[in-house]
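Okay, thanks for coming, everyone. I've got one structure to show you today, so let me put it on the screen.

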Amino acid sequence: MILDLKFVRGRVVTMDPAHPVASVIGVWAGRIAGLDDDVADLPARRVVDLGGATVLPGFIDAHNHLAWAGRASRTLDISACRTVAQVVDLLRVATRSSDWLEVAGYDHRTLDRPLTSRDLDRAGTRVYVQDLSGHACVVSSDVLAVLPGHVLRDAPRGDDGAPTGFLAEGAQTAVRALRLPYSLDDIAADVELGARQCAREGVVLAAEAGVGGGLIGSSPLEVEAYQRAALPIRVQLMVSADRLQPVAAHADDGVRRAVPLGLRTGFGGDWLSIGPLKLWTDGGMIARTAALTWPYEGMDTAGQLQDDPDLMRAAILDGHTAGWQLAVHAIGDRAVDFALDALADAQAAHPRPDARHRIEHCGLVRPEQLDRIADLRVIPVIQPTFLHAYGDDYSRVMGPERAPWMYRGRAFLDRGITVAGSSDRPVADGAPLRAIQFMVERLSGSGLPVGPDEAVTAREAVAAYTTGAARACRVEDRLGTITPGKLADLVVLADDPLTCDPARIADIDVLATVVGGTFPHDRAALAR
């Protein structure tokens, strides 16, 4: 046998307890052919001398927004502005690519005051400023003027009684409907940009968290854009639950609603596949719309549920019955209660022991909710980097009692709960190594401890982005460990995150990313 590729002189951490470490990896036909003595003497068409570099299973980002990240990277970004005047000056000279002026990077917490529609009017018409959270926006007055009255009913208003231009959740979705759809070619180009960002950071599989509709979707034909894209990494698509349609299925099937043709979790191949059905139950902490059981500290709001509870519960029940794995967005503890109740009802009505339903974010979890998550075998898909980036703010608005409950780690693992790591890119830094460091240190960017009792070991943190995320995405038979027979998806690092100073993990260089034996990222020129 002649191998296609052989890696030698590596510090290989396999994450497979059957063969924990290795120094040689053989690759044939895009898969791992063997380790160490099983392949050391076999000839290979290409031999890569790792020179002692560390190799891990390629990272899996279980909740990502490739198209949004790509689009944001080529959109006017105001995140560096500190005053409204600076924002307006930038917008006035901005170049438009369409009759809309789209703006990224808005964070009301970093400006001297929140933006208003009157500010945006000074920059022209059809101005759409995306809130960093993805759950809100600010728009110009001409956009407000064409929205139906019911959309603006609960919108914030200024001293003059007029809407300020800030719109959250369903109101934001109504605005996006005016702008959408994007063209398939544009979406495909954005997906490629987002996927290349992932490859540079060691990600081999990204789960796109919502296509075809909902808060994130860009076109009703969105899946075709991913088929058009030249994908450098593997992609799994979560389909928005608003794609469910009534079906006249056979009575024995018991299916009331489904995605057309009966498509569901598991369809597709190793490069592009359909993952969970994505549902939203609340908003986000940045926009103060995550649904809490009691108000944000010092505020008169406890957030909001995303839609009518009966409609959301019906979507969870119907999606479960139709055979989908469910990815239920729930950040606040009130939304987590709702998600757990609905998932329990779904399992009681139609038992599926290995459904592997997920709660996306699971951002605030009360102590008494932990055992329910374990009992229901729900997988929390967390974003540790949120607390590195926004931990100071989140801790303040949660208050001292609730702050330790945010984006847990230790409490989940101690109950045998699978933890899946992710980024929610571009809401926060997408680099898995940054998230792994936070999980170990539990320090915000300013050095504030955030729930230090939730710290985990470096190995447990790496597992969240390898074996845990693989299980959440139902690909543990192909990815997550460096095991013969699995796909040859690897990340080559300049240091070992399991043994180096935890404060240095985020700064470890990603020397190469290997997907199926190819090198979509090769900073060290290993493939030459």
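I'll talk about one serine and then the strands around this part of the chain.

Quick housekeeping: this is a predicted model, where local features need pLDDT of at least 70 and side-chain atom pairs count only at pLDDT 80 or more, while totals for chains, interfaces and linings use all residues. Residues are numbered from 1 along each chain as its sequence is written, and side-chain values use heavy atoms, with hydrogens and water left out.

So, Ser-240. You'll find Ser-240 in strand β15, residues 234-240; strands here are DSSP E runs of at least two residues, helices H or I runs of at least four, numbered from the N terminus. Is Ser-240 buried or exposed? Buried, because its relative accessibility is 1%, and buried means under 20%, exposed over 50%, partly exposed in between, with a 1.4 Å probe and protein chains only.

What does its side chain reach? The backbone nitrogen of Gly-214, at 3.3 Å. There's also a polar contact with the side chain of Asp-242 at 2.9 Å. By polar contact I mean N or O atoms within 3.5 Å; within protein, one must be able to donate a hydrogen and the other to accept it, and residues adjacent in sequence count only if both atoms are side-chain atoms.

Now β14, residues 203-211: nine of its nine residues are buried. Six bridges join β14 to β15, and the two run parallel; strands pair if DSSP finds at least two bridges between them. On the other pairing, β8 (residues 59-64) runs parallel to β14 with four bridges.

That's my bit, thanks.
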